[in-house]
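Biologist: Let us go through some labels for this model and ask what stands behind each of them. Please set every value against its definition.

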Amino acid sequence: MVVAASRESKEYITLASAIAEEFAQTAVERDIKGGTPTEQLHRLRASGLLKLLVPQEYGGFGSDWVTALQVVREIAKGDGSLAQLIGYHYVNLANTGLLGRPEQIAKYYTETARNNWLWGDSVNPRDPNLTLTPDGENFRLNGTKNFSTGARSGDIVVIAAIREDLGKILFAPLPKNREGIVFNDDWDYIGQRQTDSGSVEFHNVLVYRDEVLGNPDSTDHPSPFATLVSPLIQIVFVNFYLGIALGAFEQARKYTLSTTRPWIFSPAEKASQDPYIIEQYGNLWVDLRAAISHVDYVNTVIQGAWEKGEQLSAEERGEVAVTVATAKVFSTRVALETTSKIFEVTGTRTAAKKYGFDRFWRNVRTHTLHDPVVYKVHEVGNWVLNEQIPVFTLYT
């Protein structure tokens with residue numbers, strides 16, 4: 001599927017690029033500091049990009065996933081943490097369109113556009129499970145999630161909890177100020193340090209029946225379209241991995257051209273003319289260019305699946321997941337390689353803390369541990385060899 005970029009799409013991408021340049025100016029300082037990027041989130045809200053995917057009839061821009069994913073990639077060039085936050089926002093909001101009833105879709109899209117809401121989540125399925133217990137017509141939510149990206153800094157927290165009497169996972173968007181929700185400032189990892197991905201506790205939190213997306217009493221299996229959330233979050237990962245790698249490459253290039261000195265045995269007067277440095281830049285760009293081309297294609301595959309809606313078949317959904325997995329594997333390899341190799345083309349001094357060149361590798365290394373890439377390779381191999389599509393989980 002080929003998606004032609006509209007004038008509006010190009011404008012959104014240009015805007016994201018400009019914002020990324022702003023974020024890059026303070027990225028090193030904020031990476032050291034950690035915590036919530038409050039000022040930068042105000043900038044994202046003011047930009048309107050949070051309502052990019054909200055249909056026009058609900059007050060949004062009515063753009064597509066190809067554009068949204070490019071926005072994520074552009075922002076990642078300047079700041080990986082902010083790219084993760086806006087990327088997760090797009091997917092968390094998309095849960096409304098995947099799972100919600102018509103009146104829920106209208107409500108959450110309209111309010112998001114009107115208020116520039118940022119959506120975080122407390123969903124990670126590898127964490128201790130949240131439990132949702134019936135309480136009259138409504139529910140009570142209890143438990144802890146150790147990884148909750150954007151929950152502390154957002155306006156809406158999407159939760160995934162097991163309704164124990166039905167053995168079914170239910171999703172619900174909750175206002176962050178709901179009584180009983182406790183946000184812990186305990187995100188202390190080597191990378192993605194401003195994603196507010198720490199733990200959240202839920203103490204007998206009231207969840208209204210109409211906040212649960214879809215029919216909370218249904219025991220039916222979700223439709224293939226409803227399970228598209230997993231390929232969507234994975235393709236967000238792909239685009240901010242690639243964006244971080246591109247940001248690292250460009251920063252290294254600028255440094256090599258302006259500051260790097262040729263080695264004592266080099267025949268070149270300038271580092272930019274050293275044949276070995278030129279060769280390494282060439283190799284890095286070959287891989288990055290290939291990744292850009294493949295990821296751009298996979299972004300259109302996601303858009304095509306989204307447009308099919310409830311007509312999406314299980315087989316089609318499975319093939320989308322495999323296609324996204326190929327991009328996940330490739331982007332992970334290229335991003336880790338690029339963010340490591342930049343030191344070899346810039347020189348010893350770029351290992352100094354003041355430059356913050358290490359943040360690119362730390363950001364990619366931290367988030368690529370989200371789910372083991374070797375299992376993505378297995379998904380691809382099992383489909384190619386045995387024609388087996390992945391079984392739906394919140395990872396596949």
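Biologist: In which loop is D196 found?

Modeller: D196 is found in the loop between β6 (181-183) and β7 (200-207); strands are DSSP runs of E with at least two residues, helices are runs of H or I with at least four, and both are numbered from the N terminus. This is a predicted model, in which local features need pLDDT of at least 70 and side-chain atom pairs count only at pLDDT 80 or more, while totals for chains, interfaces and linings use all residues. Residues are numbered from 1 along each chain as its sequence is written, and side-chain values use heavy atoms, with hydrogens and water left out.

Biologist: Why does D196 count as buried?

Modeller: Buried means under 20% relative accessible area, exposed over 50%, and partly exposed in between (1.4 Å probe, protein chains only). D196 has 6% relative accessibility, so D196 counts as buried.

Biologist: What is the phi of D196?

Modeller: Phi of D196 is near 45°, a positive value in a residue other than glycine. Most residues other than glycine have a negative phi. N116, in the loop between α5 (102-115) and β1 (119-122), also has a positive phi, near 50°.

Biologist: Why is I264 called exposed?

Modeller: The relative accessible area of I264 is 64%, and the cut-off is over 50%, so I264 is exposed. I264 has its place in the loop between α6 and α7 (275-308).

Biologist: What makes the nonpolar surface patch that includes I264?

Modeller: W263, I264 and F265 make the patch, of about 460 Å². Nonpolar side chains (Val, Leu, Ile, Met, Phe, Trp, Tyr) are joined within 5 Å, like charges within 9 Å. The areas come from the Shrake-Rupley method with a 1.4 Å probe.

Biologist: How is a pocket told from a cavity?

Modeller: On a 1 Å grid over the protein atoms alone, a cavity is a set of points where a 1.4 Å probe fits but cannot get out, whereas a pocket is an open set with protein on both sides within 12 Å along at least five of seven lines. Lining residues have an atom within 4 Å of a point. A volume is the space filled by probe spheres set on the points, which are joined across faces, edges and corners.

Biologist: What is the volume of the largest pocket, and which residues are closest to its centre?

Modeller: The largest pocket has a volume of about 750 Å³. Of its 33 lining residues, Y88, N124, F147, H370 and Y395 are the closest to the centre. The largest share of the lining, five residues, comes from α4.

Biologist: How does the lining of the largest pocket divide by class?

Modeller: Into 16 nonpolar, 13 polar and four charged residues. Ala, Val, Leu, Ile, Met, Phe, Trp, Tyr, Cys and Pro count as nonpolar, Asp, Glu, Lys and Arg as charged, and the others, Gly among them, as polar.

Biologist: How many cavities of 30 Å³ or more are there?

Modeller: The count comes to two. The largest cavity has a volume of about 130 Å³, and among its 16 lining residues A27, D79, G80, R359 and N363 are the closest to its centre. The second largest cavity has a volume of about 50 Å³; its lining includes S230, Q234 and Y395.

Note on methods:
Patch = residues over 30% accessible without salt bridge, like charges linked within 9 Å, V, L, I, M, F, W, Y side chains within 5 Å. Salt bridge = Lys/Arg side-chain N within 4 Å of Asp/Glu carboxyl O.
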